[in-house]
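New page in my notebook.

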Amino acid sequence: MNIKDIRKMSSCTQAEFADKYHIPLQTLKQWESSPDSSSYRQCPEYVRLLLQKDVEHEVIYRMVDSLERYKKEKNIQDLLKTSVPLWR
């Protein structure tokens, strides 16, 4: 997975991703540019791996959090359907 794929997985713009991970924006743009480009710079492997793991964990956390919120909402809806109205 390259840096651009990792950033897209995080749902961040280049500026947001660079700011979040304290990477100079120009460096991120160079890492994401085509290897044929004169401005291309290869991202160090250890940086790519660290960013990938962090973003993967963030995505998993968001999925679990979303699932938990869905379950709570569903439970509340189920309770409202089965509860006896208080005004009776």
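I sorted the lining of the largest pocket by class and got 5 nonpolar, 3 polar and 4 charged residues. My classes: Ala, Val, Leu, Ile, Met, Phe, Trp, Tyr, Cys and Pro are nonpolar, Asp, Glu, Lys and Arg are charged, and the others, Gly among them, are polar. This is a predicted model, where local features need pLDDT of at least 70 and side-chain atom pairs pLDDT 80 or more, while totals for chains, interfaces and linings use all residues. Residues are numbered from 1 along each chain as its sequence is written, and side-chain values use heavy atoms, with hydrogens and water left out.

Next I looked up who lines this pocket; among them are N2, W31, Y40 and R48. Helices α1 (3–9), α3 (25–32) and α4 (45–82) each give two or more residues to that lining. I noted about 190 Å³ of space in the largest pocket.

Then I went for aromatic pairs (ring centres within 6.5 Å; planes under 30 degrees apart are stacked, over 60 edge-to-face, the rest tilted). I found 1 aromatic pair. The rings of F17 and Y21 have centres 4.8 Å apart and planes at 50°, so I wrote the pair down as tilted. F17 is buried at 0% relative accessible area, and Y21 is buried too, at 18%. The cut-offs are under 20% for buried, over 50% for exposed and partly exposed in between, with a 1.4 Å probe and protein chains only.

Last entry: K8 is in helix α1. I have K8 down as exposed, at 52%. K8 and V55 are 47 residues apart in sequence, with their C-alphas 9.7 Å apart in space.

Definitions and conventions. Phe/Tyr/Trp six-rings, centres within 6.5 Å; stacked < 30°, edge-to-face > 60°. 1 Å grid on protein atoms, 1.4 Å probe; cavity = no way out; pocket = protein on both sides within 12 Å on 5 of 7 lines; lining within 4 Å. Points joined across faces, edges and corners; volume = space filled by probe spheres on them. Helix = DSSP H or I, 4+ residues; strand = E, 2+ residues; numbered from the N terminus.
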